[in-house]
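Here are some friendly notes to read with the structure open beside you. Take the points one at a time, and find each element before moving on.

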Amino acid sequence: MARVHPETGGQPAVTTRLEGAVRRGRPVTILVDGEPVGAFEGESLAAALLAADRRVLRRTPRTGEPRGVFCGMGVCFDCVVTVRESSVVRSCMALVEDGLVVTTGRS
Amino acid sequence: MTIERWDLVVVGAGPAGLRAAIEGARAGLSVAVIDENARPGGQIFRQIPEAFGVVDPGRLGSEFARGQALFAELQPLPIRFVLNATVWGTFEDRVLEVAQGDRGLRIRGEAVVLATGAYDRPVPVPGWTLPGVLTAGGAQTLLKSQRILPGRRILMAGTGPLQLVVASQLAKAGAEIVAVAEAVPARALVRHTISLLRVWGITRDGLAYRWTLVRKRVPWIAPAILVRVEGREGAERATIARADAEWRAVPGTERTFEVDTVCLGYGLVPSIELARLLGCRLWFDALADVWVPERDDAFETTVPGVFAVGDGAGVAGAVVAAEEGRIAGLAVARALGRLTPVEAALRMAPARRRLIRLAAFRAAMDAAYRIRPGLQELATADTIICRCEERTRADLESAIADGARRPDHLKAWTRAGMGPCGGRMCGLSVAHLLARQLGTDMARLGWYRARPPIKPVPIAALTGGPATRTTPANAAPR
């Protein structure tokens, strides 16, 4: 089960894509905070970001604490990120697109 | 904006909503179904993305097959699906205001069936806002639909059937489940043996899930409850303790596990926001610790023409949800003259029989896994209660000390419940805090007042025009 993830320098990622049951869509690249991140068509932004070991998706405005995916089904709004520099979306509900520019609030 | 008009408008494309739509369409009603997701199915029959292909359906579980059968029934029916769409408000009789991306739609149903489903109960426990702490339902969604294993070393904490199912699915997919902390001891089920045997199919599924965990040597710790999660940028350690009968941690029994992920699965909360906005009368189900709409025997709410079915009207699982949806769909067809009362009664009869058979099981589950008060006492003074507005238990308690007496007071004074989740994450916890401090009960306190939009929507969907470029909310000034 342990798969070496290319984006974590050989360290196993916390989140892994499972192989076998499905064939993912074609490979795409999204730009996350300026860095290219590989993903597959059909994946949610949350899934793609988690699989790239990016669990911190934003920091809260008051105390700056890290937040990530919590409810996973569009209810809590904790996993919001900015796409195309203009729209705030729930990463668990939005899908990846080739070349999509994603800005997290994690820094 | 023009108003789309339909005989039946269904909100929510899970088992309850789809069954209502199918029965309505078969009886000759014009039907529209609105759902937030890209594909119908709801959480239980959540499909894999359209861009994915199925290689091995066997590995996608029995629910996948059941979902496929349901979708096949939909195929020949002329049902309009409004997907990726959020119902955010209503201002005129049975006209729903819908946002589909940047587009606004107005959809009117002669009858409206609410099949809005449920979400995992938010449980404010120290560390629950850390990345890597997610709900059992969220973990299952990532696994089921995205085929992603959300963690490598996972602690599950919760109660009831969903936690068991998710633990088993994660273990099967290869995660190391360091422990399942179940708040209810197994002996609580023993007195319900007869009810469990009467629905042998469901009980057998449960035993199969449990057997998977035994086979995978997953430690099952019961009765136990999550006490805290710690870590810097994400979950690193989780501590559980033995739970007493009221789910309070027994001092001196703490055990800490090294983890990267914690799943919270303390049952589900019905999504009642739309029912509240439509003016349906609600009642507080103290056993399940949730608000649910009042309904008659055809699942019509106190607002004529508005029905509520499935987990969104009281959590009982997919089988009950489908039967409720069926009855409501037939009731709408009867009300609109597409079925005679006799035809409708004949078609409803099998569904009613199945519901009666399931009722004892449902009552047994509700009793065995009823939410105990200790769950709402896990938060310490500096634990976040309102995730959106970052309000802690101490913040809320000081407002109560200053005279806040209702959830709406706390909302106005502290902003708890004003954030994008619309109070779904903190509403019950805030009311519990009030109830405890004031020595009153939940039923008397009520919930935050429902106001549109019940979910955030892009401004363009309200104005009908294209979005103008704006500065991102989290961008630094240039």
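1. A word to settle before we start: two strands are said to pair if DSSP finds at least two bridges between them. With that in hand, look at β2(A) and strand β3 (residues 53-54) of chain B: two bridges join them, and the strands run antiparallel. To find the place, look for Arg23(A), which stands opposite Gly53(B) in β3(B). Please keep in mind throughout that this is a predicted model.

2. Now step back to the whole contact between the chains. Chain A brings 46 residues to it and chain B brings 51 residues. On the chain A side, the elements that give two or more residues are β1 (16-17), β2 (22-23), α1 (45-51) and β6 (66-67). Of these, α1(A) provides the largest share, three residues. Sorted by class, the side of chain A that touches chain B has 19 nonpolar, 15 polar and twelve charged residues.

3. What does chain A itself look like in terms of helices and strands? Its secondary structure comes to one helix and nine strands. Chain A has 107 residues, and 51% of them count as buried. Among its contacts with a separation of 6 or more, 43% are between residues 24 or more positions apart.

4. Chain B is divided into three parts: domain 1 (3-119 + 269-339), domain 2 (122-266) and domain 3 (379-445). Notice that domain 1 of chain B is written as two stretches of sequence, with domain 2 numbered between them. The C-alpha centres of domain 1 and domain 2 of chain B lie 29 Å apart. Their contact takes six residues from domain 1 and four residues from domain 2. The domain 1 side of that contact has three nonpolar, two polar and one charged residues.

5. Next, find strand β12 (residues 176-182) of chain B. Why can we call β12(B) largely enclosed by the rest of the structure? Because five of its seven residues are buried. Strand β11 (residues 153-159) of chain B is joined to β12(B) by six bridges, and the two run parallel. Within this pairing, Ala157(B) stands opposite Ala181(B). Together with helix α4 (residues 161-172) of chain B, the strands β11(B) and β12(B) make a right-handed β-α-β unit.

6. β12(B) has another partner to look for: two bridges join it to strand β13 (residues 220-221) of chain B, again in parallel. Here Val180(B) stands opposite Trp220(B) in β13(B).

7. Finally, turn to helix α11 (residues 393-401) of chain B. Which of its residues are buried? They are Arg393(B), Asp395(B), Leu396(B) and Ala399(B). These residues cover an arc of only 165° around the axis, so they sit on the same side of α11(B). Just after α11(B), have a look at Gly403(B), which takes a positive phi of about 120°.

Terms used
Residues are numbered from 1 along each chain as its sequence is written. Chains are lettered from A and ligands numbered from 1 in the order in which they are written. This is a predicted model: local features need pLDDT of at least 70, side-chain atom pairs count only at pLDDT 80 or more; totals for chains, interfaces and linings use all residues. Domain bounds come from an automatic or database domain assignment. Two residues are in contact if their C-beta atoms, placed from the backbone, lie within 7 Å. Ala, Val, Leu, Ile, Met, Phe, Trp, Tyr, Cys and Pro count as nonpolar, Asp, Glu, Lys and Arg as charged, and the others, Gly among them, as polar. A residue is buried if 20 or more other C-beta atoms lie within 10 Å of its own, exposed if 12 or fewer, and partly exposed in between; C-beta atoms are placed from the backbone. Helices (H or I, at least four residues) and strands (E, at least two) are DSSP runs, numbered from the N terminus. The arc is that of the directions from the helix axis to the C-beta atoms. A crossover is right-handed if, with the strands pointing away from the viewer, the path from the first strand over the helix to the second runs clockwise.
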